[in-house]
Amino acid sequence: MTSLDAETLAAVEQSLEDVFAQGLHGALLRESVHAMGWQEILDADPSANRLLFQAQGAALACSALLDDVVLASLAGELAEGCSSRRVMYVLDSVPSGSPGRSRLRGVLLADLDDVMEVVALDATRPDPVAWSVPARSIVDLVPGAALDRGSEWAVAVADVAGGRALTGDVVTAAVAAGRRAVAAEIIGICQSALDMAIAHTSARQQYGRPLASFQSVRHLLAEAHTAIEAARVTLLAAEGPDMPVLPQAEASRVAKVRAGDTQAIVLRRTVQVLGAMGMTLESDMHRFVTRGAALDTLLGSHGELAEQIANEFIAGREITRLMKL
Amino acid sequence: MPERTSLNDLRREVRRFLETTPFVPVCDSWMRGFDPAFTKAVAARGWIGMAWPESHGGGGRSYVERLVVTEELLRAGAPVTAHWTADRQIGPSIIRLGNTKLQEEFLPLIRRGEAVFSVGLSEPDAGSDLASLRTRAEPVPGGWAISGSKIWTTSAHVATHAYVLARTSKGASKHEGLSEFIVDMDNPGITVRPIKDLSGERHFNEVFFDSVPVPGDRLLGIEGQGWRQAMEHLAFERGGSERYLSTYPLLARLVKLAHEVPDRAVHERLGRLAARLTGLRGLSLDLAQALDAGQAPVRLAATLKLLGTEFEADVVEEALYVYDVCGATRPDRRLLRRAMAVPPAGRIRGGASEIMRSVIARAECAT
């Protein structure tokens, strides 16, 4: 694997910004991203996904681009001859009524129009499983049930009995790639929310001076900044080229935990400094909050993943093994 | 950046050293672990001044390599107080700013682990507003005479030397007219008054200077430029692994307890701490690489210090919960009692958390 130099990455970042500035969503957004030669960029540097998802988060755009990341990782293991797949990000299992039959509940990022196959990715356990099932295995679907009003997400229930279960390193790697993408999207959301908070507090005056000149306000903004920096560096540590699957999976899980923690830290502060504006539908701030919280639930919330991390090192591994220098 | 394998080898070498060298592990061992014999043993391995350039008698290693060594020493709770300040900031300052005589006298002394430094910055009336300090250095034939007092001076009671920031002239602003000095602690004009901290231990002091004569060649850098020079230390002072590993011996113990008495909530809490630690180590690595590139990233150092000291505080906080759930022995409780003194000190020393937030916000907000 290779990696692009800083100058090329900056150019990629700028092109992504231009694409997302068009305000596109869903399939149209996906087409625009592909039209900029995204596959070639990824071939040159797989970690470029970080820039894509940061940009998506910053723009609060909604798409199923995450499916592409997961499916690309699984590509070698999935049956050929299926032109269209959708990933279901498993949240938990639900009772099916008949013993021995398992049903999984999860999030779909877009509708099932023209979708032939669903891959139910269950990362709720340390050794993840991907169930490949026909689209008709979705037995229940509630559109827009997610917390995030601006998204096209749906919560679905899939009957995976009889489906093909994929396990092992390939699935572990797919989950890890997905977690890095979601972490990047959350970081994009946090940075964008912080930018908005800085702009607002710099423009709005109270007591005859900008809000951002008050120390109490500045300190909240500083705390948000430090949290984002820590999340960013944790994500970068999960992206070394040629990292073996297991260390990269561990590092990706840590990055997802930090991103999930960070959205809670950052958005609490950015909402606070916007005053009452922060809780209205007129200001975009609420969209960062709901999107951040919704993304935290995908591929394991920060609480669930923190428990998984601890289970590993408490079993005798060292904490510092999580990130080698 | 050095090859990963050579860093891993170095890490193993430090671990072997720690296994074969006797010491009593403590939390906050860079402040509370004064052991000249241990420091001599560290010096014998070449790990004091290891990142200084070879042209100045240093080890010529990188700051990334130094980070590996300091992480391992602090993780183990090894007593490194006797050389910590000299290695971390006094040596680099003397290399950057010192005259030839200062360099020839002090760099070998520090390398051998024989110079114990205290840092005289804060004063009773000048804490966060450091530039309003009142200690004066008056010109006298052959040098200077220092009068005034410093407070919260760690290790002053065991130090051989002190770094002192003093006013040498009245500048146009309070940031001008300050100068840095290296002072011998055995001067009869110096009095050290102990201050006990909340744990009942003594590690900091108040230091009084009564017309203490200081030779002219003990002026560090340029007269009147002390403020700007001192600000350049800050990346060295605030950005090290001591800002997140001071309570590590306690954290390691919590992991063992959680292994003995498994509890899901305990696991989740420890997992979150581990994830935060990973981020802190990443920031610390970034900082070491910046130092290797010749930069002094003051904002990044402030970020690391702010997040690191909060992390250390949360380790202590979570320990109360883990002890409650998993049970604790008498030595466990002793370990916690001593660790509890770390967070309040951590949030103040080296610049209060509020100052860190202000440093970060200044770069963030145009206002």
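A residue counts as exposed when its relative accessible area is over 50%, as buried when that area is under 20%, and as partly exposed in between. Keep these cut-offs in mind as you look through the close-ups of this predicted model.

**View 1. An exposed tyrosine, A:Tyr207, sits in a loop of chain A.** With a relative accessible area of 77%, A:Tyr207 passes the 50% cut-off and therefore counts as exposed. The loop that holds A:Tyr207 runs between β8 (205–206) and β9 (209–210) of chain A. Look at the backbone here too: the phi of A:Tyr207 is near 55°, a positive value in a residue other than glycine.

**View 2. A buried leucine, A:Leu299, also has a positive phi.** The angle is about 60°, although A:Leu299 is not a glycine. You will find A:Leu299 in the loop between α9 and α10 (302–314) of chain A. Is A:Leu299 buried or exposed? Its relative accessible area is 2%, which is under 20%, so A:Leu299 is buried.

**View 3. A:Gln248 is a buried residue in a helix of chain A.** The helix is α8, which covers residues 245–273. A:Gln248 counts as buried because its relative accessibility is 16%, under the 20% cut-off. Which residues touch A:Gln248, once its neighbours within four places in sequence are left aside? They are A:Ala176, A:Arg180, A:Ala238, A:Glu239, A:Gly240 and A:Met243.

**View 4. The second largest cavity is lined by residues of chain A.** Its volume is about 80 Å³. Among the lining residues are A:Gln56, A:Cys62, A:Leu109, A:Trp153, A:Glu185 and A:Arg291. Helices α6 (169–203) and α9 (285–297) of chain A are the elements that give two or more residues to this lining. Sorted by class, the lining has 8 nonpolar, 2 polar and 2 charged residues.

**View 5. The largest cavity brings us to chain B.** The structure holds 5 cavities of 30 Å³ or more, and the largest has a volume of about 130 Å³. Of the 14 residues that line it, those closest to its centre are B:Tyr63, B:Arg66, B:Gly239, B:Gly240 and B:Leu291. Which elements give two or more residues to the lining of this cavity? They are α4 (63–75), α7 (226–238) and α9 (264–292) of chain B. The lining divides into 7 nonpolar, 5 polar and 2 charged residues.

**View 6. Strand β3 of chain B pairs with β2(B) and with β7(B).** Strand β3(B) covers residues 143–151 and is mostly covered, with 7 of its 9 residues buried. Its pairing with β2(B), residues 136–140, is antiparallel and spans 5 bridges. To find your place in this pairing, look for B:Ala137, which stands opposite B:Ile146 in β3(B). The β2(B)–β3(B) hairpin has 2 residues between the strands, and in it B:Gly142 takes a positive phi near 85°. β3(B) and β7(B) also run antiparallel, joined by 8 bridges. Here B:Trp144 stands opposite B:Val214 in β7(B).

**View 7. A second hairpin in chain B is made by β6(B) and β7(B).** Strand β6(B), residues 190–196, and strand β7(B), residues 202–215, pair in the antiparallel sense over 7 bridges. A handy landmark is B:Ile195, whose bridge partner in β7(B) is B:Phe204. There are 5 residues between the strands, and B:Gly200 in this hairpin has a positive phi near 85°.

**View 8. B:Arg202 is a partly exposed residue of strand β7 in chain B.** Its relative accessible area of 34% falls between 20% and 50%, so B:Arg202 is partly exposed. Apart from neighbours within four places in sequence, B:Arg202 is in contact with B:His157, B:Val192, B:Arg193, B:Pro194 and B:Ile195. B:Arg32 is 170 residues away along the chain, yet the C-alpha atoms of B:Arg202 and B:Arg32 are separated by 8.5 Å.

**View 9. B:Ser118 is a buried serine in strand β1 of chain B.** The strand covers residues 117–120. At 1% relative accessibility, under the 20% cut-off, B:Ser118 counts as buried. Leaving aside neighbours within four places in sequence, its contacts include B:Thr153, B:Ser155, B:His161, B:Tyr163 and B:Met185.

**Confidence.** Chain B averages a pLDDT of 94, and 99% of its residues score at least 70. For the complex, the predictor gives an ipTM of 0.85 and a pTM of 0.90.

Notes:
Residues are numbered from 1 along each chain as its sequence is written. Chains are lettered from A and ligands numbered from 1 in the order in which they are written. This is a predicted model: local features need pLDDT of at least 70, side-chain atom pairs count only at pLDDT 80 or more; totals for chains, interfaces and linings use all residues. Side-chain values use heavy atoms; hydrogens and water are left out. Two strands pair if DSSP finds at least two bridges between them. Helices (H or I, at least four residues) and strands (E, at least two) are DSSP runs, numbered from the N terminus. pLDDT is the predictor's confidence in each residue, from 0 to 100. On a 1 Å grid over the protein atoms alone, a cavity is a set of points where a 1.4 Å probe fits but cannot get out, and a pocket is an open set with protein on both sides within 12 Å along at least five of seven lines; lining residues have an atom within 4 Å of a point. Grid points are joined across faces, edges and corners, and a volume is the space filled by probe spheres set on the points. Ala, Val, Leu, Ile, Met, Phe, Trp, Tyr, Cys and Pro count as nonpolar, Asp, Glu, Lys and Arg as charged, and the others, Gly among them, as polar. Buried means under 20% relative accessible area, exposed over 50%, partly exposed in between (1.4 Å probe, protein chains only). Contact means heavy atoms within 4.5 Å.
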